[in-house]
Amino acid sequence: ASQEQFVSVFPKILLSTMVLEKPIVIDCRDHLHGRLASIVAKELLAGQKVVLVRCEEMVISGSLVRNQTKYAQFRAKHMNTNPERGPFHFRSPARIVWRTIRGMVHQKTARGQAAIGRLSTFEGIPHPYDKMKRKVIPAALRVVRLKPGRNFCKLGDLANNVGWKHKELVDRLEDKRRAKSEAFFQKKKAAAALKAKAEEAAAGELAKVNETLAAAGY
């Protein structure tokens, strides 16, 4: 059969073909927990690899006291005869986020297990993701989705109050990372300024060259 016949018979197959990117790195800062988790779950099920960084900066709607109370109720859920068998109550922000997404991908099926295997979650921004382009999800941002004046709390603060022991360490490492990042940016900005100055100084000499390049389509 020709390609035209194939398209007419199977149009939906061709239209729904997805092109997966390299692993997407998402900066979780100021994203709403549930909304981000649901969007990421959809991407994982479609076959996309996703890395979530700065999970401790994610926010949950509702005050800190309210969310601590809800977590305390969650902590009370355990196997009656042998609590060691679960359910397990994670305390680190990265694992809390991981567990939330696990509940959205049918993890007791092979497809769900493959999907959750494509997810990585981290506190802070460890190497090599500190040197990679990070993205945000506008549909899950707090400033877009949460009504002004409503209470919210950071996942890192909640985790710290329920037994996570590494908040100070992550804060310290993040301060060092931000200092290195700022130094790199200033160096890059200075190099860009020098380049612009050099191009301006050589503009007269390069005018003829630029005309030739423009004619060639560059």
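In which sense do E2 and strand E4 (residues 119–121) pair, and over how many bridges? E2 and E4 pair in the parallel sense, over three bridges. The model shown in these views is predicted, with local features requiring pLDDT of at least 70 and side-chain atom pairs counted only at pLDDT 80 or more, whereas totals for chains, interfaces and linings use all residues. Residues are numbered from 1 along each chain as its sequence is written, and side-chain values use heavy atoms, with hydrogens and water left out.

**View 1. The protein chain as a whole.** The protein chain contains ten helices and five strands; helices (H or I, at least four residues) and strands (E, at least two) are DSSP runs, numbered from the N terminus. Its C-alpha atoms fill a box of roughly 85 × 60 × 35 Å along the principal axes. The radius of gyration of the protein chain is 24 Å, while a compact globule of 218 residues would have one near 17 Å; the radius is taken over C-alpha atoms, and the globule rule is 2.2 Å times the number of residues to the power 0.38. Of the 218 residues, 28% are buried, where buried means under 20% relative accessible area, exposed over 50%, and partly exposed in between (1.4 Å probe, protein chains only). Of the contacts (heavy atoms within 4.5 Å) between residues at least 6 apart in sequence, 79% join residues at least 24 apart.

**View 2. The open sheet E1-E2-E4.** Three strands form an open sheet in the order E1-E2-E4, with parallel pairing. E1 and E4 are the edge strands, each pairing on one side only. On average, neighbouring strands of this sheet are turned by 20° against each other, direction ignored. Helix H3 packs on the sheet and touches E1, E2 and E4, its direction making about 155° with that of E2; axes are lines fitted to C-alpha atoms, for helices over the stretch in contact, and angles run from 0 to 180 degrees between N-to-C directions.

**View 3. Strand E2 and its partners.** Strand E1 (residues 24–27) pairs with E2 in the parallel sense over four bridges; two strands pair if DSSP finds at least two bridges between them. Leu52 in E2 is the bridge partner of Ile26, and Leu52 also stands opposite Thr121 in E4. Val51 stands opposite Ser120 in E4. From strand E2 (residues 50–53), Val50 and Leu52 point one way and Val51 and Val53 the other, and all are buried. In a regular strand, side chains alternate between the two faces of the sheet.

**View 4. His33 in helix H3.** His33 belongs to helix H3 (residues 33–45). His33 counts as buried because its relative accessibility is 13%. The side chains of His33 and Thr100 are joined by a polar contact of 3.0 Å, a polar contact being a pair of N or O atoms within 3.5 Å; within protein, one must be able to donate a hydrogen and the other to accept it, and residues adjacent in sequence count only if both atoms are side-chain atoms. Not counting residues up to four places away in sequence, His33 touches Met58, Val59, Ile60, Ile96, Val97 and Thr100.

**View 5. Gly117 in helix H6.** Gly117 lies in helix H6 (residues 110–117). Gly117 is exposed, because its relative accessible area is 61%. Gly117 and Lys49 are 68 residues apart in sequence and 8.6 Å apart in space, C-alpha to C-alpha.
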